[in-house]
Amino acid sequence: MKWDACFEEKIDQWMDAHQDQMLEDLRQLVAIPSVSQAQEGQHPFGEGCANVLDHALELSEKHGFLTENYDYYCGSCRMQGQGEKRKLIGLFSHLDVVPVGDTSKWTYGPWNCTQQGDFLVGRGVGDNKGPAMAAFYALRFFQEEKIPLQNDVLLYFGCSEETGMADIQYFCEHGPIPDFSLVPDNDFPVCFGEKGIFRFTAAAPAQGNLLSFTAGQVVNVVPDLAQAVISGISAAQMRPFCEEGIDLEETAEGLKVTAHGLSRHAAFPEGSCNAVHLLADALARSGLLTGSCRGAVEGLAHFTSNYYGETTGIPFQDEASGRLTCVGSVVRLEDGCLRVRFDTRYPVTVQGEQVKTSLRAYLESKGYQLEDFGDDPPAYVPKDHPAIPLLCEISDHVLGRHLEPYTTGGGTYARHLPNAVGFGPGIKDMPVPFPDGKGHGHQPDECISIQVLRYCLKACILALIALDNIL
């Protein structure tokens with residue numbers, strides 16, 4: 001591509017003039033606790049998601065864009081092009097967020113969007129309210145600078161990306177499908193493939209002296225907290241089997257055992273410490289459980305001792321996307337049955353039926369049954385698609401460094417759309433001002449640098465021009 005220095009200077013000056021306003025708009029979005037919670041009625045994902053969508057659409061209307069509310073599943077902001085045979089470019093963001101978890105682990109209030117130096121801290125600043133605002137300001141740039149595009153651009157605001165993506169499925173049934181889409185919910189330069197997502201529940205009888213076992217809130221987060229209550233044993237009996245990170249408390253109901261781990265996104269579990277395994281392993285090694293709950297917990301400890309499917313019978317891998325990951329993230333003891341919800345990301349060349357068949361046989365060998373499973377197949381756009389080298393070149397130019405396109409275990413809206421790729425705003429080696437276990441998406445003190453938001457905004461502007469020329 002040829003780079004126009006004068007035009008880029010115009011972009012930079014416009015960003016300088018609008019930066020404070022963009023950050024204030026982001027703060028207002030972060031202040032709305034928009035954790036997606038499925039429910040009946042007018043607001044399918046709860047009041048928080050309805051409120052944040054209303055706010056985003058009101059902001060869009062205020063600046064003269066066409067908006068659409070798809071029954072509170074999602075919404076859109078549209079900028080019309082001037083071509084006679086207009087196509088549609090998509091920008092797909094989401095405004096729902098994962099739960100904040102243990103608030104005592106946050107340095108700053110999760111709903112405050114606190115600025116610390118060049119960083120903004122708050123739930124959703126990076127995943128994905130910050131990129132949503134960068135994409136929105138890219139549209140504002142074209143409108144306010146009166147720079148026409150030939151094709152229409154649609155900015156999507158989702159409300160259930162973190163909890164199953166029922167929002168994008170509803171949109172695909174009721175809204176216009178773009179001819180090519182960017183999803184700013186990944187790392188630069190371009191994510192051209194996403195692993196398949198296979199989520200399932202494994203269940204086993206668990207009667208005996210285990211009164212409760214609770215861990216996790218959402219399936220795509222490695223849990224940092226797990227608790228169990230056991231009757232008939234003392235802290236003195238249990239203590240020899242407890243590693244660092246496990247607390248004991250004798251209560252009237254029984255001995256409460258609490259495990260503290262280290263959270264990560266389930267698609268990228270490396271470096272995490274699954275509190276489920278920490279707790280189950282201690283209980284299994286103690287030999288203090290009675291009845292069928294003993295075998296159930298031993299199985300749970302085994303399943304969660306490895307992140308790559310080797311302990312669940314599904315150690316698949318390929319050259320394009322690497323190793324399968326499998327995380328036991330949500331556990332409940334209900335009606336004498338221990339149920340474990342798993343998040344599995346399998347390679348792009350593997351079939352979901354292969355995963356299911358191998359998994360079922362292995363679970364049954366350990367006394368568990370496979371139930372409540374769902375398969376979201378892999379997504380893939382060939383690297384020789386004309387948009388891929390263009391977007392990579394834009395990323396290299398904006399960041400001032402070369403990065404290679406890649407595939408990921410993460411799941412974004414791209415897997416539900418034709419011709420869709422991840423495009424920023426993350427930078428894999430970007431440091432954060434917090435210790436390990438904090439600062440990244442789905443973690444306490446989630447943060448994003450203001451400079452990264454500026455990279456995202458500028459890259460979106462240049463990408464829209466490039467896509468407008470090749471569609």
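A cavity is a set of grid points where a 1.4 Å probe fits but cannot get out, whereas a pocket is an open set. In this predicted model, the count comes to one cavity of 30 Å³ or more.

The largest cavity has a volume of about 40 Å³. Its lining consists of Trp14, Met15, His18, Gln19, Met22, Arg454 and Leu457. Helices H1 and H10 are the elements that each give two or more residues to this lining, and H1 gives the most, with five residues. By class, the lining of the largest cavity holds four nonpolar residues, two polar and one charged.

The two helices also pack against each other. Two packed helices are described by the angle between their axes and the distance between the axes. For helix H1 (residues 5-30) and helix H10 (residues 450-470), the angle is about 125 degrees and the axes are 10 Å apart. The crossing of H1 past H10 is right-handed. On the H1 side, the contact is made by Phe7, Glu8, Ile11, Asp12, Trp14, Met15, Asp16, Gln19, Met22, Leu23 and Leu26. H10 contributes Ile450, Leu453, Arg454, Leu457, Lys458, Ile461, Leu462 and Ile465. Sorted by class, the residues of this contact are 13 nonpolar, one polar and five charged.

Turning to the pockets, the largest pocket contains about 1300 Å³ of space. It is lined by 49 residues, of which Asp127, Asp185, His265, Phe268 and Gly441 are the closest to its centre. The elements that give two or more residues to the lining are strands: S8 (186-187), S10 (196-205), S18 (337-346), S19 (369-376), S21 (406-408), S23 (425-426) and S24 (447-449). The lining of the largest pocket has 22 polar, 14 nonpolar and 13 charged residues.

The second largest pocket holds about 360 Å³ of space. Among the 22 residues that line the second largest pocket, Gly101, Gly216, Gln217, Pro223 and Asp224 lie closest to its centre. Strand S11 (210-215) and strand S12 (225-230) are the elements that give two or more residues to this lining. The largest share, three residues, comes from S12. The class count for the lining of the second largest pocket is eleven nonpolar, seven polar and four charged residues.

Key:
Residues numbered from 1 in each chain as written. Predicted model: local features only at pLDDT ≥ 70, side-chain atom pairs only at ≥ 80, totals over all residues. Heavy atoms only, no water. 1 Å grid on protein atoms, 1.4 Å probe; cavity = no way out; pocket = protein on both sides within 12 Å on 5 of 7 lines; lining within 4 Å. Points joined across faces, edges and corners; volume = space filled by probe spheres on them. Helix = DSSP H or I, 4+ residues; strand = E, 2+ residues; numbered from the N terminus. Nonpolar A, V, L, I, M, F, W, Y, C, P; charged D, E, K, R; others polar. Axes fitted to C-alpha atoms, helices over the stretch in contact; angles between N-to-C directions. Left-handed = near helix turned anticlockwise from the far one by under 90°. Contact = heavy atoms within 4.5 Å.
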